Each structure stands twice: as structure tokens, then as C-alpha cells.
Amino acid sequence: MSDWVEACAADDIDEEDVMRFDHGGRTFAIYRSPDDEYFATDGLCSHEKVHLADGLVMDDIIECPKHNGRFNYKTGAARGAPVCVNLKTYPVKVDAGKVLVQIR
Amino acid sequence: MTAAPSRRDYSLIGRDAKLAVENGLSAAEWYHTDIPRKQMKELMQRSDGPAIRDTAIWLAALIASGAGGAWFWGTWWCVPFFFAYGVLYGSSTDSRWHECGHGTAFRTQWMNDVVYQIACFMIMRNPVTWRWSHTRHHTDTIIVGRDPEISVMRPPDLARALLGFVGVLDAWHAMSDMLRNAAGNISAAEKTFIPEQEQGKAIRIARIWTAIYAATIALALYTGSFLPLMLVGLPRLYGAWHHVMVGLLQHGGLADNVIDHRLNSRTVYMNPISRFIYWNMNYHVEHHMFPMVPYHALPKLHALIKHDLPAPTPSILAGYREMIPVFLRQLRNEDYFLKRELPPTARPYREEFHSDAVAAAAE
């Protein structure tokens, strides 16, 4: 069973930026790419549980604010030490100006 | 009656390491000064320009001074050239290793990786081992038993600290570790912070470096001259003084086992040459609080948050004037440290996170 959950308004996130979204006791990171597409991953770095929403988005990379570990936020793939474990990603759609995340 | 000071156990697999994990000091949530997201994003922005410029200057100066030293080898005229070459080789690489390891110096990642590998070789730090040790240093900064990069432990070993200025012990340990790693041995302490899948890389690098040093020694023997070693290897000793001079100021004499970088790190105003060599790591509280900010943006970050930080130490000399008496007093009372005062505009220290006994030791 999975639900589409409203995370934020599309305009709440700047282009090439990230925002934190908490839901049901879990935390997620919602991304807006330079191409104006939206993506979602787990909100905490798989290395040391730091909120990725405080990090830096560069192209398709999110860099963790604590140790500069890198992930491709579109695929969740770990892209550079010290992160070794991929992030879980979630489907995202924009409907009527709202960003919706399918949380499983 | 005063209780005898407890002995700290700095082993990464010892008593204090276990205690730090049990009492939540390890992997804790550290204090951060509030910065609006928009400003933080601007500060974090990456750019290749400043690091390309600085790297070009660094490499040009390195080649010119090395060539001058070689040209005048055998005369006193080689001394000033090797003085400069040594600092560029044995000290500038400390900050290049550091910034490129964070991945913040250049925007383009392969540029960070190339300079990182070169700098690691020169400073004699295995690029795999030290990437992971530095990760731990940022997670558990000056947490006894957890931080593998505490340069002056308590009570301070002053002879060891002094020998650091000529790199003797560092180079000895680096060479021993390199040969041990090259033989396929990762120590128990290294295994606490290097993931298993990365350990093979550390061994491979150690073997390549061993081959380079063996070739350099062979060339020196073949030519009957120290010159090859003056250019490769020895500068890590005779040029180490600058990185040790500025590096000791980062945390020396300040608090341990706290989770507020304002208590355990020091920002020091420095001259432009030292800042070039050191790549602005004199803004050390700022760097630890926000490691995503590239070295060239640290002065801006400092200006933005200095209202919330202890007053910066005004010079390198002033730093030693405040640090050395603390080291001397720690010989008698290892719990003593310098507690840095906050300005009235700062958010106060959260004393509930810091032991009363330790706080009292500073008074």
C-alpha cells in the first residue's frame, strides 16, 4: 500500500535546491533540479544520519553538510566517500502546483 | 580536597572510546550558528577559479624553488630555495590535502581528486586512511578515544610537539604505516574508521608509494647525492614547520569532550602568506561548524557569524602566548583548558552538555 502525500508547494523550493519534509515519523529530502524536475530521497545521509536538506545541490548531486559525502539524488546512488550506502528514492509528481511524494 | 585528574585513554579501541559512544558524545548533534538558507547556499557555492589560480601559483613556486635548489646544490645559495620548496612541499600540502579531501576546493571533482592524491603523497598521508580519519575528526572533534587526529593529547608531550616542527615523528610513523599497509596489514585502530571495502585501496596506494620512495633512494645511491631525497621525501621534514605552527593552534589548549566547536577550536587572524599556505584554515571554528564552505569563502563566513563566536586570536604569536601556558599547566593538571569567552551577542554555551568538573578546571 502506498500513498501520494503532499510535501510542499512547487515554488517552496528554489531551482537546484533541496527541502526537508517530515511525514509519519520519517524524514525526506525533496529536490528541485536545475531542469525544474522534482525528486525525493530519504532525508538522512546513509553515513551518519545528518539531514541532507542542509546540504548543497549541484547539478544532479546532493552533498551532505557534515562530511561532504555525495549522492545522485535522482537515483540515490552513493557517489563519493565517505558515503557507501545508496539512498532510497521515492516517486514524485507535481499536481496543481503541489509536490506530491509516493511514500512506501 | 582535590581529586587526582583522571588519565585520558586516547586509544581508538580503548576505555574512553567505548565511554564516548555510551554517553552520546560520539556522533552527537553539534552547535551551529543560525544562518538563513539563502546565505548558506551562497557561501557553499563551488567554483574552480580560486583553486585553479592558487594551485597554479603553488605548482609554479614549487617547481621554481625546486629547480633553484637543484641548480645551486652544493652551494649556500641553495638554502633559500630549499627553504621555500620545503614549505611548499611539506606544509602547503597539509591544507591542499585537507580542502581537496573535503571536495570543496574545486567545483570539478576530478580536480579535487588529482590535487588530493598529489598532496597526500607529499604530506605522507595515505589518501584512503586519512580521508576516513578526517571524517571521524569532523564527527567527533577532540572527543577522547574517538578523534584520531588529536595532535596534542593531555597531559601534553611537549618534546613530541616540538619534534613535530621538523616532522621527525610524523615521517617515521608515516613510513612505518606505509610499509605495514604495503605488507597488507591494516591495524585494529585503522579498522575502526576505514570501511572494509576501502581497505584494499589503502594497501594499493601504500605499495605504489613504497615503490616511489625505493626508486628515489636508489637514484640517490646511484648518483651518490642527497639531491633526489631533498626533492622527494625530506621536504616533509625540513618544510613541516609551518603546517605544525599553524596546525597546533587549531585546537591546542582548548576543551575536549564537548560538542560545541566554539569551545574546542580556535580562529586566528594571520598574515596573507600564511593564509595562502594554509588555505584559510585559520578560520577553524567556522570550518568545523560549516565544512561545506570552501576555503575561499571562509572570510565571508567569519564576517557573518563572528557575533556568535569567541573573539578571534589576533595573531599566530598571540595564539602561542595563550596556548603555551595552558600546555605547561596541563603538565600538572591535565583537566585544565582555556575556556574561550563569548561576546554578549552570542548564544551561550549549553553547559548541560559539558561536564561541570571539566568546566571548573578552566577557572
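View 1. Although Asp36(A) is not a glycine, its phi is positive, at about 65°. Helices (H or I, at least four residues) and strands (E, at least two) are DSSP runs, numbered from the N terminus.

**View 2. The buried residue Met124(B).** Met124(B) occupies the loop between α6 (109-123) and α7 of chain B. Its phi is positive, near 60°, in a residue other than glycine. Met124(B) counts as buried because 24 other C-beta atoms lie within 10 Å.

**View 3. A cis peptide bond in chain B.** The bond joins Arg154(B) and Pro155(B), with omega about -10°. Pro155(B) is placed in the loop between α7 (127-139) and α8 (158-164) of chain B.

**View 4. The contact between chains A and B.** Chain A contributes 14 residues and chain B 16 residues, two residues being in contact if their C-beta atoms, placed from the backbone, lie within 7 Å. On the side of chain A that touches chain B, six residues are nonpolar, four polar and four charged. Here Ala, Val, Leu, Ile, Met, Phe, Trp, Tyr, Cys and Pro count as nonpolar, Asp, Glu, Lys and Arg as charged, and the others, Gly among them, as polar.

**Notes.** Residues are numbered from 1 along each chain as its sequence is written, while chains are lettered from A and ligands numbered from 1 in the order in which they are written. In this predicted model, local features need pLDDT of at least 70 and side-chain atom pairs count only at pLDDT 80 or more, whereas totals for chains, interfaces and linings use all residues.

Terms used. Buried ≥ 20, exposed ≤ 12 C-beta atoms within 10 Å, placed from the backbone.
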